[in-house]
Amino acid sequence: MAETGEPSIEGFRCADCGAIMIDQPMACRACTSRTPPQAFRVGERGRIVTWSTVLRSFPGVKTPFVSAIVDLDDGLTLKGTVRGVDPESLGVGLPVSLVFDDAGGARAPDGAPYVGFHFVKAGAAE
Ligand SMILES: [Zn+2]
């Protein structure tokens, strides 16, 4: 969550080799540089690498739904649900957009709302 209150995904980029990481290691995992990778706001566009239609899940989780691995244009890879799509219309390389949501209304023990995310086809309104 950014200081503006707007949700976003934060990645870390090595200043020496450009490698992208989801967390900030003490040294770059690609080139072993000890210069701490710097945080950046990851863009919300990506492409589907692979997906699966989930037919059975935990009690209370509505099925079926589509779970996908998405390579974001900025270099990170995320797994998430793709909403509002016919699974038959999906394909490798399909452009998708990251959308933040309220995690199904889930709240922390102190009542603070959680932030979740899912994907939609790029250009789809949701
Ligand atoms: Zn590096």
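R29 is exposed, at a relative accessible area of 53%; exposed here means over 50%, buried under 20%, and partly exposed in between, with a 1.4 Å probe and protein chains only. This is a predicted model, in which local features need pLDDT of at least 70 and side-chain atom pairs count only at pLDDT 80 or more, while totals for chains, interfaces and linings use all residues. Residues are numbered from 1 along each chain as its sequence is written, and side-chain values use heavy atoms, with hydrogens and water left out.

R29 makes a salt bridge with D23, the closest N and O atoms being 2.9 Å apart. The term requires a side-chain nitrogen of Lys or Arg within 4 Å of a carboxyl oxygen of Asp or Glu. D23 is partly exposed, at 34%.

The count by this rule is four. Another of these joins R41 to E6, with 3.1 Å between the closest N and O atoms. R41 lies in strand β3 and E6 in the segment before β1, so the pair ties together parts 35 residues apart in sequence. Strands are DSSP runs of E, at least two residues, numbered from the N terminus.

Next, β7. Five of the seven residues in strand β7 (residues 95-101) are buried. V99 stands opposite H118 in β8, and R47 has P95 as its bridge partner in β7.

R83 forms a salt bridge with D101, at 3.5 Å between the closest N and O atoms.

Conventions
Helices (H or I, at least four residues) and strands (E, at least two) are DSSP runs, numbered from the N terminus. Two strands pair if DSSP finds at least two bridges between them.
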